[in-house]
Amino acid sequence: MSGTIEETTAASTGEDTGESTGDSAGQPPADALRPHAEDAFAAELAALAAADDRPRPVGWRMSPWAVSLYLLGGTLPDGTVITPKYVGPRRIVEVAVTTLATDRALLLLGVPGTAKTWVSEHLAAAVSGDSTLLVQGTAGTPEEAIRYGWNYAQLLAHGPSRDALVPSPVMRAMRDGMTARVEELTRIPADVQDTLITILSEKTLPVPELGEEVQAVRGFNLIATANDRDRGVNELSSALRRRFNTVVLPLPATADDEVDIVSRRVDQIGRSLDLPAVPEGVEEIRRVVTVFRELRDGVSSDGRTKLKSPSGTLSTAEAISVVTGGLALSAHFGDGILRPADIAAGILGAVVRDPAADRVIWQEYLETVVRERDGWKDFYRACREVSA
């Protein structure tokens, strides 16, 4: 029965044995380059859980209200400040959180760079306290990554057995009542995608080799992400899509929102890399965001000049990358203050993906918009220099 296989699987994979995988048992390395959300924001999660007196779904670490507050930010009655993890419409977060409290899985859909992975990680951290039950979708993702695999030494020696079974992150989430994550669902081959249908509809994962099954316990759910502009992807079958509640994450509504998002993320990344503080480069961050939004929208911010859009997405995530790279340049080869010369090469690399078509679009933008804009002369010269 499922209870037996769950107990044996946990033992055979070394879970809950107290074995050390970091600096001490159960602790991440102190110098982790990018801590998991539940580690990086452990103090906020603990403060929220302590202050949360609202009803919690079975298996949840906190109530849906507290999960939403964790993502959107706010201040607790004791003065604890919860930093925003997502800047966007409140209703989107509320619908996503509510979905996880039902029997439907959650699909976060949007163009690249709209924080789908970021949101899914923080949702899992707040709901289950563990964001690591993750399947990364690729064209080569096998069925075993979603269902289960085998320890082939054990399999060859003793045949199919509970000791030989290797659970997938999804199986572990079902068994423990946790939140599983599947990244880039539409990049997974269609026949592998459809292994989720039984899991999401019946809440059961059969193991026919053993004549047994794992039944999901209360608290289990699944978050998937997918880009809606990728080429060459595998569309979800109608049967699988019906198992999801789809929430579309939009691009930031205003330039101020996007500047805020970029500033926050760059500040977080910069602290882990010992880079200069973001406030020294706010002007250049706004410049990067302005360039990306104008080329993305196909019109200058004053509405006077129509522009051609390049082939790339010019997402918020790419803006974060450009600014982080610029901060590194300013720290190691400049005076520590973010300047136009530090971001010019990064912007060129983000815009010019197609060397023929995109370079023409970029040159036209420089000459028709950037060259004539007040206060942008240094940026124009820096971009011309790297574009030559």
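1. T225 sits in strand β10; strands (E, at least two residues) and helices (H or I, at least four) are DSSP runs numbered from the N terminus. T225 counts as buried because its relative accessibility is 1%, the limit for buried being under 20% relative accessible area with a 1.4 Å probe and protein chains only. Its side chain also makes a polar contact with the side chain of E183, at 3.0 Å. A polar contact is a pair of N or O atoms within 3.5 Å, one able to donate a hydrogen and the other to accept it within protein; residues adjacent in sequence count only if both atoms are side-chain atoms.

2. On provenance: this is a predicted model, in which local features need pLDDT of at least 70 and side-chain atom pairs count only at pLDDT 80 or more, while totals for chains, interfaces and linings use all residues. Residues are numbered from 1 along each chain as its sequence is written, and side-chain values use heavy atoms, with hydrogens and water left out.

3. The largest nonpolar core has 37 residues, of which V291, F292, I347 and W362 touch the most other members. Such a core is a set of buried Ala, Val, Leu, Ile, Met, Phe, Trp, Tyr and Cys residues joined through side-chain atoms within 4.5 Å. Two or more of this core's residues come from each of α12, α13 (282-297), α14, α15 (340-351), α16 (357-370) and α17 (377-387). Not counting residues up to four places away in sequence, I347 touches V288, V291, F292, V322, W362 and F379. A second, separate core of 35 residues includes L165, V170, A173 and V207.

4. D53 lies in the loop between α3 (42-51) and α4 (64-72). D53 is exposed, at 70% relative accessible area, where exposed means over 50%.

5. The lining of the largest pocket has 42 residues, with R34, W118, R265, Q268 and I320 nearest the pocket's centre. A pocket is an open set of points on a 1 Å grid over the protein atoms alone, where a 1.4 Å probe fits, with protein on both sides within 12 Å along at least five of seven lines; lining residues have an atom within 4 Å of a point. Helix α12 (255-273) is among the elements supplying at least two lining residues, and α12 gives the most, with 9.

Key: Contact means heavy atoms within 4.5 Å.
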